[in-house]
Amino acid sequence: MTAVDTNVLVRLLTGDDAEQSAAAKSLLAAESIWIAKTVLLETGWVLRSVYGFDEDAIRNALGKLLGLKNVHAEDETAVAAALALAVHGIELADALHLSSRLPGAAFVSFDQSFVRAAKGAGASDISAPGISGFSAREPR
């Protein structure tokens, strides 16, 4: 199995450098590939910030890549949950943060639009506290 860096995925998904894109395609065709969540996170950021991909295009590209039988992601359950949340308009990075929390852990964000979207997508135990009342839960 071969772990890949963000630049390999970016070359594969954008085709912006012919030589490196061909090398990335050859690697993907010949090897079992492992992708860290941090690489997925950074790939999403690069595709959006540098290449102008929208969230749907990022989600679709990564979903197709991760759907290949020889491609494996770190914490595949959390990554799949993040991609499912992204369908509801949640940015991939936020979706990965939320889906990667410990089971039973509350999630707190000051980003109220993210919290609303996550709740609308069925996420539980997520809140956007006011500045004066920052506690996510009362201590037990």
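**Figure 1. Asp75 in the loop between β3 and α5 of the predicted model.** The loop joins β3 (71-73) to α5 (76-86), and Asp75 is found in it. Asp75 is not a glycine, yet its phi is positive, near 50°. Its relative accessibility is 37%, so Asp75 counts as partly exposed. That value lies between the 20% limit for buried and the 50% limit for exposed.

**Figure 2. Asp125 in the loop between α7 and β5.** This loop lies between α7 (112-120) and β5 (126-127). Asp125 has a positive phi of about 55°, although it is not a glycine.

**Figure 3. Strand β1 at Thr2.** Thr2 is found in β1, which covers residues 2-3. Which residues does Thr2 contact, leaving aside its neighbours within four places in sequence? They are Leu27, Glu31, Ser32, Ile33 and Trp34. The C-alpha atoms of Thr2 and Ile33 are separated by 5.0 Å. Along the chain, Thr2 and Ile33 are 31 residues apart. Thr2 counts as partly exposed because its relative accessibility is 23%.

**Figure 4. Helix α1 and its buried residues.** Helix α1 comprises residues 6-14. Its buried residues are Thr6, Leu9, Val10, Arg11 and Leu12. These buried residues pack against α2 (18-30), β2 (33-35), α3 and α4. Gly15 follows α1. The phi of Gly15 is positive, near 65°.

**Figure 5. The packing of α1 on α3.** Two packed helices are described by the angle between their axes and the distance between the axes. For α1 and α3, the angle is about 45° and the axes are 9 Å apart. The two helices, α1 and α3, are therefore oblique to each other. Their crossing is right-handed. From α1, the contact uses Thr6, Leu9, Val10, Leu13 and Thr14. From α3, it uses Val39, Leu40, Glu42, Thr43, Val46 and Leu47. By class, the α1 contact with α3 has seven nonpolar, three polar and one charged residues. An α-helix has 3.6 residues a turn, so residues three or four places apart point the same way.

**Figure 6. The packing of α3 on α4.** Helix α3 covers residues 37-49, and helix α4 covers residues 55-66. Their axes come within 10 Å and cross at roughly 140°. That angle makes α3 oblique to α4. The crossing of α3 past α4 is right-handed. Which residues of α3 meet α4? Leu40, Thr43, Gly44, Leu47 and Arg48 do. Their partners in α4 are Glu55, Ile58, Leu62 and Leu66. Sorted by class, the contact of α3 with α4 has five nonpolar, two polar and two charged residues. Leu40, Thr43 and Leu47 of α3 also meet α1.

**Figure 7. The largest nonpolar core.** How many residues does this core have? The largest nonpolar core has 32 residues. Those with the most contacts inside it are Ile35, Leu40, Leu66, Leu98 and Ile126. Leu66 touches Ile35, Leu40, Val71, Ala73, Val79 and Leu83, not counting residues up to four places away in sequence. Leu40 and Leu66 also take part in the contact of α3 with α4.

**Figure 8. Leu102 in the loop between α6 and β4.** The loop runs between α6 (92-99) and β4 (107-108), and Leu102 is found in it. Buried or exposed: how is Leu102 classed? Leu102 is exposed, with a relative accessible area of 65%. From C-alpha to C-alpha, Leu102 and Ser32 are 28 Å apart. In sequence, Leu102 and Ser32 are 70 residues apart. Ser32 is also one of the contacts of Thr2.

**Figure 9. The whole chain, for orientation.** The secondary structure comes to seven helices and five strands. Along the sequence they follow the pattern β-α-α-β-α-α-β-α-α-β-α-β. The C-alpha trace spans about 55 × 30 × 20 Å along its principal axes. Of the 140 residues in the chain, 35% are buried. Among contacts between residues at least 6 apart in sequence, 60% join residues at least 24 apart.

Notes: Residues numbered from 1 in each chain as written. Predicted model: local features only at pLDDT ≥ 70, side-chain atom pairs only at ≥ 80, totals over all residues. Heavy atoms only, no water. Axes fitted to C-alpha atoms, helices over the stretch in contact; angles between N-to-C directions. Helix = DSSP H or I, 4+ residues; strand = E, 2+ residues; numbered from the N terminus. Parallel < 35°, antiparallel > 145°, perpendicular 65-115°, else oblique. Left-handed = near helix turned anticlockwise from the far one by under 90°. Contact = heavy atoms within 4.5 Å. Nonpolar A, V, L, I, M, F, W, Y, C, P; charged D, E, K, R; others polar. Buried < 20%, exposed > 50% of the residue type's maximum accessible area, 1.4 Å probe, protein only. Core = buried A, V, L, I, M, F, W, Y, C linked by side-chain atoms within 4.5 Å.
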